[in-house]
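Hi,

Here is the structure I promised to pass on. Have a look at it first, and then read on for what turned up.

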Amino acid sequence: MKLIKQKKEMSTTKIIYGLYGDDDDLMHGVKAFTDKGISINEVYTPFPVHGLDKALGLKKTRISDAAFIYACYGVTIGITLTAYIMNHDWPQNIGGKPSFDWLHNMPAFVDPMFELMVFCSAHLMSLTFLVRNKMYPGAKPQNPDPRTTDDKFMMEFVSDDVETIKQLLIDTGVEEITVKDA
Amino acid sequence: MSGHYEAPIREPLIIGHKTYHDITEDIARPIEERAGKLWWASLYAALILFVYGFGCIAYTVGTGIGAWGLNRTINWGWDITNFVWWVGIGHAGTLISAVLLLFRQRWRMSVNRSAEAMTIFAVCQAAIFPVIHMGRVWVGYWVFPLPNQFGTLWTNFNSPLLWDVFAISTYFSVSVVFWFMGLIPDFAMIRDRAKTPFNKKIYTLLAFGWGGKAKHWQRFEELSLVLAGLATPLVFSVHTTVSFDFATSVIKGWHSTIYPPYFVAGAIFSGFAMVQTLLLVARKVCHLEDYITMYHIEIMNIVIVVTGGMVTVAYATEYFIGWYSGSRFEDFTYLSPGAAVGPYWWAFWALIICNLVVPAAFWFKKVRTNIFWTFIIALIINIGMWFERFDIIVINLSRDYLPSSWTMFKPTIIDVGVYLGTIGFFSVLFLLYARTFPVIAQAELKSILKISGETYKAKEGDEHH
């Protein structure tokens, strides 16, 4: 989605909210606006609406790529920890397991290495998710209308062409329109 | 983002003529209404057990684990039995959330939240046992590889006990993260409806500012998918690692290569039994019959039949090997001809009846679609799976390699108290959860209303004819 960041240069710039009562209507609305080349600033929905990200032209999220990097980081910690503790700092003969060579001792370390991989990947990915979404405990609700976590679907525009947007919203079955100063 | 066509012939997952708003109302109702007398009575009963159990734990810590019924022959008893039992119970939650998400099983959406809560609370109980079994709980942090001033005293990464520390703590924290991330949009729904300033404040704190933006939903779905991908091998690894505690030892009846798959199947078996026990009550008390339908109950019973079948095969194998090995020691393992007629015959037969004979009733559709019998059989499986762990630990240890040291295990009142205390603690947590958390993942459920809701399925069926 193309985010329009308009400054308050023109006093005619408004924020327009269109509230839909159904996800299918919302999807028709989104398609109508994108077909006409009108940028939608944001869409708020109570649940993930199938195909909305593609209709808005959102890029694929890279959070899974980040998860892979975090997993590699976890495995590296696992290798370093086991190699240093078991084979470098104080090697001991435990049950005859090879203690002077990490590679030969490695099968015994698969479990903790795997756990560290999962631990780092899951936690750091979740943290990335929160940071990228600017979410933290007690943060101010990001949705402008509380009904959008219940059963309403909202489109948000920042534009000075209020009338065109209003008309298109009405044509696509919007239930409620609110206009505010930007 | 999710949502695909579903054949009209499939059973609806949401019964009744529901709208999105109805789902919101139904899920928010238990949180917004005042608690009933039954809830308060259950909470008091659970609190009494919890306080009693806490007293027994305090006594154990103050006196030492000599307060338990352990002896030189049976040096693991109720403690580790209860530990493995609770960890096993904690398996269904993440299995439902993670594995079934990867398999795109939509029915999980009605049960995953509570099943995962159960997982987290069960793992909390499990962790209590090895910690107090250490005796000196105040040095419990020594299980972690921390730099220290005792010379070069490191943890032993060759030991399955240390693998267990890593496996269970990772399982616990990843399950909490997975659960909490899924809860955020639902907390936001409760926040946006909250009427009292206190509720508003609490749910604002928990909702992390969630607003349901399109990009955030996209990231949310990707996060859920990757977390599910990570949690899936984790589910299987945890009980595998728990089984290594036994399988890598030199105790007869324990050093068995069948243990990892057998333990995992048993854990899922017992986990689903506990999910049934809890959800059948929660469904009735919170009026969630339209969301946790007979189809949900039946399909979970089918999982119980499948995993119960795997466990049965493992039992048969153990029994056969006990006889076929020709070893006189193997003849005293927990699943052997010797155990069936030995001094622990009652524990052996409790295991066979509760885990093998009774659950077989689920092969009949009439039984597995009957709420009363589902509840009773699920309870019996819970008991049976406790006996399985008791048998593995106590029967195998009671008849060791030296006949002069053969003995029996007698639990003390402290043993019993600690166990009952964990049941009380678990119940307290679950009861509080049922009143303060959205017990069904409502945002996810709304996304399948038009695919699996009764009204929409009926419409689609009409269009096809």
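Helices here are DSSP runs of H or I with at least four residues, numbered from the N terminus. Keep in mind that this is a predicted model.

With that in hand, start with B:His287, which sits in the loop that links helix H9 (259-285) to helix H10 (294-324) of chain B. Its phi is near 55 degrees, a positive value in a residue other than glycine. Is B:His287 buried or exposed? A residue counts as exposed if 12 or fewer other C-beta atoms lie within 10 Å of its own, and B:His287 has 12, so it is exposed.

You'll find A:Lys134 in the loop between helix H5 (110-132) and strand E3 of chain A. It has 12 C-beta neighbours inside 10 Å and therefore counts as exposed.

While you're on chain A, look at its strands. E1 (residues 14-20) and E3 (residues 153-159) of chain A pair in the antiparallel sense, over seven bridges. A:Lys14 is opposite A:Ser159 of E3(A) there. E3(A) is also joined to strand E2 (residues 42-44) of chain A, by three bridges, and those two run antiparallel as well. In that pairing A:Glu42 faces A:Glu156 of E3(A).

Chain A is split into domain 1 (14-46 + 151-181) and domain 2 (63-132). How far apart do the C-alpha centres of these two domains lie? The answer is 49 Å.

Now the core. The largest nonpolar core has 182 residues, and those that touch the most other members are A:Val43, B:Val87, B:Val174, B:Phe269, B:Phe272, B:Val275 and B:Leu445. Which helix gives the most to this core? That is helix H6 (residues 160-193) of chain B, with 18 residues. Domain 1 and domain 2 of chain A both contribute residues to this core, so it lies between them.

Leaving out residues up to four places away in sequence, B:Leu445 touches B:Ile14, B:Ile23, B:Met109, B:Ser110, B:Tyr291 and B:Ile440.

On to where the chains meet. The contact takes 59 residues from chain A and 52 from chain B. On the chain B side, the elements that give two or more residues are helix H1 (20-32), H6, helix H7 (197-207), helix H8 (214-247) and helix H16 (442-447). H8(B) supplies the largest share of that side, 16 residues. By type, the chain B side divides into 25 nonpolar, 19 polar and eight charged residues.

Last stop is helix H2 (residues 37-63) of chain B. H2(B) has 27 residues and spans 39 Å from its first C-alpha to its last, close to the 39 Å expected at 1.5 Å a residue. Its buried residues are B:Ala46, B:Leu49, B:Phe50, B:Gly53, B:Cys56, B:Ile57 and B:Thr60. As a reminder for reading that list, an α-helix has 3.6 residues a turn, so residues three or four places apart point the same way. Helix H5 (112-133) and helix H15 (413-436) of chain B are among what covers the buried residues of H2(B). Just after H2(B) comes B:Gly64, with a positive phi of about 110 degrees.

Cheers

How values were computed. Residues are numbered from 1 along each chain as its sequence is written. Chains are lettered from A and ligands numbered from 1 in the order in which they are written. This is a predicted model: local features need pLDDT of at least 70, side-chain atom pairs count only at pLDDT 80 or more; totals for chains, interfaces and linings use all residues. Two strands pair if DSSP finds at least two bridges between them. A nonpolar core is a set of buried Ala, Val, Leu, Ile, Met, Phe, Trp, Tyr and Cys residues joined through C-beta atoms within 7 Å. A residue is buried if 20 or more other C-beta atoms lie within 10 Å of its own, exposed if 12 or fewer, and partly exposed in between; C-beta atoms are placed from the backbone. Domain bounds come from an automatic or database domain assignment. Two residues are in contact if their C-beta atoms, placed from the backbone, lie within 7 Å. Ala, Val, Leu, Ile, Met, Phe, Trp, Tyr, Cys and Pro count as nonpolar, Asp, Glu, Lys and Arg as charged, and the others, Gly among them, as polar. The expected span of a helix is 1.5 Å times one less than its number of residues.
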